[in-house]
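Subject: Structure handover

Hello,

Here is the structure I promised to pass on. Please open it beside this email as you read.

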Amino acid sequence: MMFASFLIMAGAGATYLFGVYSKEIKATLGYDQTTLNILSTCKDLGANIGVLSGLLAEIAPPWFVLLVGAAMNFAGYFMIWLAVMRKIAKPKVWQMCMYICIGANSQNFANTGSLVTCVKNFPESRGMMLGIMKGFVGLSGAVFTQLYLAIYGNDAKSMILLIGWLPALISIVFVYTVRTLKVSSHPNELKVFYQYLYITIAMALCLMGLTIAQKQVDFSHYGYVGSAIVVCAFICMPLLIAFREEYATWKLKKHRAPAPTSIVVHEPAKKSEISEIEEEPQTQNKEDHDEVPCCGNIFKKPKRGEDYGILQALLSVDMLILFMATFCGLGCSLTAMDNLGQIGESLGYQQHVVNTFVSLVSIWNYFGRVFAGFVSEIILLKYKVPRPLIMAIALILSAIGDLLIAFPIPGSVYIASLLVGFSFGAQLTLLFIIISELFGLKYYSTLFNCGQLASPLGSYVLNVVVVGRFYDREAMRQLAEKGLTRAMVKELTCIGKECYRLSFSILAGVNVFGALVTFILVMRTRKYYSGDIYEKFRKEIAANEKKNQIKTKNCG
């Protein structure tokens, strides 16, 4: 189940590749930068409004959620590909916005169907689980780049087709594998998580090496095919660990199972044991009776870490602070990532160098997610450092990246790509972990999708209203200097350091403001994170194991 979820996550990062194929859309359909940024905002809107998938997951099994996501993914990106290849009449802007919104929204169904299921199956290791799974999403941009170079060559239009059919196919193949299982402990669980981590780190380093090598050396088609085979081998390595652990578990169960032909006389079960078994249904009934309704009393909120109702969580001060931090942090990061193609063009970089920027963002996006999952977990357990503090630090890193784009020097865009990718990955993973820790897992499918709603709003304000408008204003000034008008050129392009200077200086300031807001949440949750936030899950696992032991003893 975990391996299948890894593959689904590795195909759920198509939205981060917009910088690769956005220039093709702009050139083919004759858009200016503001129009392209509107399209980008609709992509971010679809990618971050996952309320529908969350509510669907509350009433439908994971396989149905994944199937809906697969259908939406193929339909949305296939229509964009048809438009760019001129196989259909030129769509209106609102139609292109609808296509990309549908395609991008499909990743929420993949997230909800697989990620939420894994978090519920491994509640005590949710930080590590989220770090690995979101890490695969972060690497997906670099993985797709290697695959499309191997399959289609350096054709950015074909990238759109690839991200249309491949993620949909993965979800369909593994649709029945992803399911919620009974919470239990595994003796090698922590060891297995670290082995998965080592594999993904090796894959990330391999992808970075390939990206740098492909920038320095002209690869032949067979060279790209060999690179893709190496990447696919890394992706499949977790399957070997999964087989090994399943085989070890099967052997352990077989060893413990009583021989079917043996005739053994057992003593009658003790009265305390019988009563313990009989009391369990009553306890369960009591828990069912005390279940938190989705629209609980908003004026009587439970303690942090307990299960909140949907309205209780959404109307809490903690969630409001997370909304503000998400608006600033993820909004700025998405804006920077979506404009990488035009940033590279304005500074005179070739297309293959722009692809390098996108791959670096993807790889360091992965490192940010793994850091947020594994390192923050270690820091929390060992030093009791609140996770919101790590989120505030990530926002500061993003601000530094924005300044490197606003005031570029030779090589600064490479460093900015690392910082923006790392910050984005860390923020997104920390957001999901913090929501699960503060508001419980009862309605996590809906709450984690609601938690990122501020991201597309921030992307619209910062991408369209700020960056797009300032870019077009500078481009029009350059046209006027040449004695041209907008009607004389098909594509509105800005060249030079001034194109993004003012807008990205504003983004840096917004990130700093978001970090200050996040410090408020740090102070509010300091006491909560100083305690044992996983205590109730350990009790649940212990109760399940005790129940199984008693049943085995009495049935043996």
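Below are notes on helix packing and on cavities.

This is a predicted model: local features need pLDDT of at least 70, side-chain atom pairs count only at pLDDT 80 or more, and totals for chains, interfaces and linings use all residues. Residues are numbered from 1 along each chain as its sequence is written, and side-chain values use heavy atoms, with hydrogens and water left out.

**Helix packing**

Two packed helices are described by the angle between their axes and the distance between the axes. Axes are lines fitted to C-alpha atoms, for helices over the stretch in contact, and angles run from 0 to 180 degrees between N-to-C directions. Helices are DSSP runs (H or I, at least four residues), numbered from the N terminus.

Start with helix α5 (residues 62–84) and helix α8 (residues 156–173). Their axes come within 8 Å and cross at roughly 165°. That makes α5 roughly antiparallel to α8 (angles over 145 degrees count as such). The crossing of α5 and α8 is left-handed, meaning the near helix is turned anticlockwise from the far one by less than a right angle. Contact means heavy atoms within 4.5 Å. Residues making this contact include Leu66, Phe74 and Trp81 of α5 and Ile160, Trp165 and Pro167 of α8. By class, the contact of α5 with α8 has 16 nonpolar, four polar and one charged residues. Here Ala, Val, Leu, Ile, Met, Phe, Trp, Tyr, Cys and Pro count as nonpolar, Asp, Glu, Lys and Arg as charged, and the others, Gly among them, as polar.

Next, find helix α9 (residues 189–216) and helix α15 (residues 351–383). Their axes come within 10 Å and cross at roughly 160°. So α9 is roughly antiparallel to α15. The crossing of α9 and α15 is left-handed. Among the residues in contact are Phe193, Leu197 and Met208 of α9 and Ile363, Phe367 and Phe374 of α15. The contact of α9 with α15 holds 16 nonpolar, five polar and one charged residues.

Helix α7 (residues 126–151) also packs on α15: the axes come within 7 Å and cross at roughly 170°. That makes α7 roughly antiparallel to α15. The contact of α7 with α15 divides into 10 nonpolar, 12 polar and three charged residues.

**Cavities**

On a 1 Å grid over the protein atoms alone, a cavity is a set of points where a 1.4 Å probe fits but cannot get out, and lining residues have an atom within 4 Å of a point. Grid points are joined across faces, edges and corners, and a volume is the space filled by probe spheres set on the points.

How many cavities of 30 Å³ or more does the whole structure have? The search finds five.

The largest cavity has a volume of about 140 Å³. It is lined by 21 residues, and Gly11, Asn73, Ser106, Ala110 and Pro167 lie nearest its centre. Two or more lining residues come from each of α1 (2–10), α5, α6 (93–121) and α8. α6 gives the most, with six residues. The lining of the largest cavity has 13 nonpolar, eight polar and no charged residues.

The second largest cavity holds about 100 Å³ of space. Of its 16 lining residues, Tyr16, Asn48, Gln107, Phe424 and Leu428 are the closest to its centre.

Best wishes

Notes. Angles under 35 degrees count as roughly parallel, over 145 as roughly antiparallel, 65 to 115 as roughly perpendicular and the rest as oblique. On a 1 Å grid over the protein atoms alone, a cavity is a set of points where a 1.4 Å probe fits but cannot get out, and a pocket is an open set with protein on both sides within 12 Å along at least five of seven lines; lining residues have an atom within 4 Å of a point.
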